Each structure stands twice: as C-alpha cells, then as structure tokens.
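Could you walk me through how to read a helix and a strand in a model like this one? Keep it simple, please.

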Amino acid sequence: MADETTDQGPVTTLATPIRLDFDFTPGVAQSKFLRGLERGEFHGQRCSVCGKVYVPSRGSCPTDGVPTTEDVLLGNAGTVTTYCVVNVPFAGQSIEIPYICAQILLDGANLSFMGLLQEIPTDQIRMGMRVEAVWVDESDLTPSLASVRYFRPNGEPDADYDTYKEYL
Amino acid sequence: MAERCAVIGVGQTHHKAKRDDVSIAGLVREAAKMALADADLTWSDIDAVVIGKAPDMFEGNMMPEIYLAPALGAVGKPMFRVHTAGSVGGSTALVAAHLVSSGIHKRVLTVAYEKQSDSDAMWALSVPQPFAAPLLAGAGGYFAPHIRAYMRRSGAPDYIGRMVAVKDRKNAMRNPYAHLHLADIDMKMVEDSMMLWDPLRYLEACPSSDGAAAMVLAAEDAVSGNYPPAWVHGMAMRSEPTMFAGRDQINPQAGRDCSADVYRQAGVTNPREQFDCAEVYVPFSWYEPMWLENLGFCDLGDGWKLTESGATAFDGDIPWNASGGVLSSNPIGASGMLRFLEVAMQVRGQAGEHQVDGAKLALGQAYGGGSQFFSMWVVGSAKP
C-alpha cells in the first residue's frame, strides 16, 4: 500500500505568527520624560560630573556612572545632525514610505534622538537643518512619544557643521 | 594565552536565500560535519560545543541550542550559547578558543548560523519601543544616517560605496559558497538598484541568507587534519553603550580599543603592512572605508582613498573580504564566524580560487548591535 505522507514529500515551511504584548516600567527618570510629553514639553537630565544633558534620560550617565538628578527643560527646536530616507517596506511598519528618519539634537541637549521629519520633500532635507516639534492637540496629549506628531523645518538658517559635528 | 590554540577544521554551507531542503538542525550539522572531516575527526573526539546565533526573535525559535544539542553531538558534553548581536559569530569562535587556550579542553567544535528564510529580521529589528518613535527600519535604517555622517566628515565622493559593492561581489564569483553570484555586477548596476535607505541602495546592502559556519579548534598537542593549522595570535572583544553624549558612531571607541588589544597580542604595529589580508564585517558598502580607519589601516579620513586606490581589491596590497564578505552572504549569526573562518582558510592555504597568494597573517573582525560589540582575532600560519 502506498504511503500517502511519503508521496507528498516533506513539509518545507510552516508560518507560525507570534504576538508579543509587554508591560514597560519606565522608572523615575523616564517617568519625568513621559510626564513632560504629557504637557507638550521635552524634559531631560544633566550629569553632575560631565555636565552633559540626556533626553530621554535613563537616570544615570553612561560615561560617568552617576545618577542624573538635575532636571532640565529643553526647547521645542533642534538641529538635524544626520538622517536617512526610508523607502523600504516591512511587516509592522506604521508610517507611509518614503519617510525621513532624522537624528535630532534638541537645543540644550547633548544626545540626539530619532525623529520623524515632515512638511518637507524628502529630497530637500539637509544635515544641519533647524526643526521644531509639532505636538498633537492638547486634549490628545498622553505620557507617550505619540504626543509628538513629527518634526518640521522651523525656517531658521541651517546650523553650522561645527556646532553639531561632535554629535555624529 | 596560556596554551596555543589552532583552527584545524573549517566548514560552511552553501549560503542561499532559502535552504528549504534542511531544518535548522540540518543546516548546522552540514557545516559541523564538514569541519570535522577537514580536521579528520569524528563527533566523539570533540570535548565541548560552543554555538552562536543572532537574536532568537529572528526565527521565533527560543533558545535553539536546547534543540540543537543532539544534532551537534553535544549530549553529555559541555555546551555554550553565545549572543552578541551581529558580532556573535566572532565572539562565539572566541569563547571556543578561550576554552582551548585556558587549557580546559583539547578540541572544541564551534558553530554559528542563521536561517533568514525562516525569519523576519527586518521586523525583529524594528519592534516598537515605548521610549523611541517607531521609525527604525531594520539595520539599514539604523546605519544609513551614520554612513551619511561619514561621507560628510571625510568628504568622500559618493561612488566609493558603489566601488565596495562591486569589488565584494566580484570576489564572491571566486567563492563557491557565496550566496550572491552576480556575474554582471558593475557600478551602473549598483547605481540603478533601488534606493532603500537613502543614501544606501539595494546593491550596497547585504543579502538575507540561510547558512552556517563551523570550526574545530584544538590545543597544540591535539592538532590534526588535512591542512596545516591556523594559529591564533590574538583575540579580543569590546563593547560600548549604544548611546552616550559624545559617542563617535562613525569611529567607535570600542572598535579602536579592540583592535589595539588584538594587535598588541599579535605584535602588529602596522596592520596594512603586516597583514596579508583581512575579512571584515561590511554589511553595507560604506563600512569598508569606515572600518579601514577604525582598524588603523590608514589615517582618519583616508579610508575611502584606500578603497578608491584599489588597495583592498583582490589584487591589491591588502585584500579585504576576498571571500565576497557579508555583502555577498549574510546568514547573520554565522556572518562574523565566516570572517574568522575565512582568514583561517587563507593562512592554511585552502581558500581555492579566492586564495590570497602566500597569506601568512590575517585579521578577522566582526561587529554587531549599533556598532557596540566588536570581536576580532589574528591568525597566522606560524606558531605564535
């Protein structure tokens, strides 16, 4: 008698979707950052040894290994230190391509973070461009980065390369 | 190093987009059996097994070492799993070498793999995090801004990346195990390929590969095999935080420290002069000039000039990635080990068509994460 399972050959691939939901405990320093976002403000922390300002702060300075206890309110504007234009689709992507993924150094901060840049064609973005955060409506503010809709050019002249080159 | 350690067997799979003829166990076994045969040994000769791969989330297979222990003959023996992101293949080899150089084991089998066709690495590398905007688009999205920053800092012309993309694919034509065999590759083909993460084009990025690499490492009194051993002259690993104020993302401190350490152990003071070749983790074309500078093969800002001069080409004075490198085969977890393995093949004289004539001393390098993990070794045909 023919063995039907053999005749059909091996099963080569089986898709098994995985879903992960997890809880995140932000801790003291990140809670301050998140509460700031809830008010439409960027809050960071300064290291008492090197004086560098981290945003968001993880509660300690990675260089000096000391707790960062001094809270700093940062401005709404910053400088694009570098960027790329994302034009590749992938599973779970939440933003329409192409989009500009920029490293943004907020005024008064010493560490850039990744931000979405809009209201500018993707071929006109430049290193050194001055940008500002655009927030969601006040009633929609939450303790989450979803409170920042995106960044956009604020019309100021580009920052000089020398002012941000140490942040690359 | 207390005891001398040598590579006495190497094995690798034919790297492909999809190896649906084998399971993960079949894939790693293929490379391991080849390494054992090269060392003229059998499973029972092995004292311990060290395995590495990139994040488990890639294939959705938690702690695969548990299921792979019997496939790798590790039952009843010590087995270690290593993980340091993309550099893992290198650091896995180093953990295995430490077990030999420390005098604990005589013969250690080390294996690394990735089965990217089973996985969705882009998704796994782009999982939304509560403290960052959901912008990350895989490894390319992370590294492209740093590449742009390198171009600005060094003043490199934009065709340098394309030159690397062509050079490594041409080298791959000499390597039967390479995933990509693009016979017609040229500057125009790279330029015409799709812009994925501006300034990075499709053909300036590594492929997604299924593949595995394996090596047998042995103490001096346990050397065997079909080719002369490749002696380990130095090994080092370094890490640094992903983010800190003043971090140089283009030329990371951890990479500079790691190479300084491994060069000191191997007595290397002029890498370009003393090494006959190097296999360096270049997943995106521009990382060749960036790592040329980071590894001290030239002065800061001059990496692109070295690439442009042809020095790193197969017929140059310091061939980089004669195998075709990560740009031609990228089974992520194995990619770092392939760098280490390929330089061992070079100094053993077993690299076939991509053999660098008379290679005696060579550098293998791997990096991972956001350029925050580095692992390196120096191997030579002479005893250290």
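Q: What should the 14 residues of helix α8 of chain B span at 1.5 Å a residue?

A: Helices (H or I, at least four residues) and strands (E, at least two) are DSSP runs, numbered from the N terminus. The expected span is 1.5 Å times one less than the number of residues. For α8(B), residues 253–266, that gives 20 Å, and its end C-alpha atoms are 20 Å apart, which agrees. This is a predicted model: local features need pLDDT of at least 70, side-chain atom pairs count only at 80 or more, and totals for chains, interfaces and linings use all residues. Residues are numbered from 1 along each chain as its sequence is written, while chains are lettered from A and ligands numbered from 1 in the order written.

Q: Which residues of α8(B) are buried?

A: Buried means 20 or more other C-beta atoms within 10 Å of a residue's own, exposed 12 or fewer, partly exposed in between, with C-beta atoms placed from the backbone. Here they are G255(B), C258(B), S259(B), V262(B), Y263(B) and A266(B). They cover an arc (of directions from the helix axis to the C-beta atoms) of only 125°, so they sit on the same side of α8(B).

Q: What about strand β1 of chain A: how many of its residues are buried?

A: Five of the five, residues 42–46, so β1(A) is largely enclosed by the rest of the structure. F42(A), G44(A) and R46(A) cover one side, H43(A) and Q45(A) the other.

Q: Which strand pairs with β1(A) over five bridges?

A: Strands pair if DSSP finds at least two bridges between them. That partner is β3(A), residues 70–74, in the antiparallel sense, with G44(A) opposite V72(A).
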